Amino acid sequence: MVIEITDEMRAMAQWAQAQCDKRYANSKRGNYTQLSAEGRWYIGFLGELVFMKYLQQLYVQYRYEPEFTGRDITDFYVWAIGYTENGGKVGIDVKTASAGSHKYLMIPDAQIASHPSEVYVGVRLRMMETEGEVMGYCLKKDLKPITDLGLKVPTSGVLFDNLRPMNKMIDQCKKLMG
């Protein structure tokens, strides 16, 4: 599903990038993923806002928990109606590709180890960041090492073409909830 990216969404992502830049500059810890890219937090937050708009269009109950520290965390929790053993929620982390030509949902292995989520959703920005496409989702067990892109840090992922269809994600989350 393609979601229009509004000026308001871009402004919110720019604000989030600035917050992360400030906190990261004042922090004494290093970049635990060893991954650095210009505007990566802006791109990531923009993808999260695209996914949030997607959930709103489907009337899915969710909680969005952004963190402006420059560390990646589980971004969203979706709920099932009724009681389940694990509290009825599933953690979802959104991964954003910054260009229409990008082919993978990718996650640095250090991030998977320190902030595991049950579900990862791929969003790809298109048309000079005027729209974002929710490409699909995968489970943690679907992630495979990516060795053919010359990445400088150990990274795992799934080709966008191999992601599970989004129309099955809510049912999958219900299964994960017990």
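These legends go with a handful of close-up views of a predicted model.

Residue numbers start from 1 along each chain as its sequence is written, and side-chain values use heavy atoms, with hydrogens and water left out. Because this is a predicted model, local features need pLDDT of at least 70 and side-chain atom pairs count only at pLDDT 80 or more, while totals for chains, interfaces and linings use all residues.

**View 1. A three-stranded open sheet, order 5-9-8.**
The 3 strands here pair in antiparallel fashion, in the order 5-9-8. Strand 5 and strand 8 are the edges, each pairing on one side only. Strands are DSSP runs of E, at least two residues long, and helices are runs of H or I, at least four long, both numbered from the N terminus. Two strands count as paired if DSSP finds at least two bridges between them. Strand 5 (residues 104–108) and strand 9 are joined by 5 bridges, and strand 8 (residues 144–145) is tied to strand 9 by 2 bridges. Strands of a sheet pair through backbone hydrogen bonds, either parallel or antiparallel.

**View 2. Who faces whom along strand 9.**
Look for L105 opposite V158, and for I107 opposite S156. S156 is also the bridge partner of P145. Strand 9 (residues 155–159) is largely enclosed by the rest of the structure, because 4 of its 5 residues are buried. Buried means under 20% relative accessible area, exposed means over 50%, and partly exposed lies in between (1.4 Å probe, protein chains only). Strand 5 also has 4 of its 5 residues buried, so the rest of the structure largely encloses strand 5.

M106, L149 and L151 make a nonpolar surface patch of about 230 Å². Areas come from the Shrake-Rupley method with a 1.4 Å probe, and for residues only the protein chains shown count as cover. L149 sits in the loop between strand 8 and strand 9 and is partly exposed, at 42% relative accessible area.

**View 3. Helix 2, end to end.**
Helix 2 is mostly covered, with 14 of its 18 residues buried. After the helix comes Y59, with a positive phi near 60°.

**View 4. The largest nonpolar core.**
This core has 31 residues, and F51, V119, V121, M166 and M169 have the most contacts inside it. Helix 1, helix 2, strand 4 (89–97), strand 6, strand 7 (131–139) and helix 4 (169–176) each supply at least two residues of the core. Helix 2 gives the largest share, 11 residues. A nonpolar core is a set of buried Ala, Val, Leu, Ile, Met, Phe, Trp, Tyr and Cys residues joined through side-chain atoms within 4.5 Å.

A search of the whole structure turns up 5 salt bridges; each is a side-chain nitrogen of Lys or Arg within 4 Å of a carboxyl oxygen of Asp or Glu. R126 meets E131 at 2.5 Å, N to O, and E133 with the closest N and O atoms 2.9 Å apart. That links R126, E131 and E133 in a network of salt bridges. R126 is partly exposed, with a relative accessible area of 27%, whereas E133 counts as buried at 19%.

D7 and R10 form a salt bridge, with 2.7 Å between the closest N and O atoms. The two are 3 residues apart in helix 1 (residues 7–26), so about one helical turn separates D7 and R10. D7 counts as exposed, at 59% relative accessibility.

**View 5. S117 in its loop.**
S117 belongs to the loop between helix 3 (109–114) and strand 6 (119–126). S117 is buried, at 3% relative accessible area. V94 is 23 residues from S117 in sequence and 9.8 Å from it in space, C-alpha to C-alpha.

Conventions
Patches are made of residues with over 30% relative accessible area and no salt bridge: like charges are joined within 9 Å, nonpolar side chains (Val, Leu, Ile, Met, Phe, Trp, Tyr) within 5 Å.
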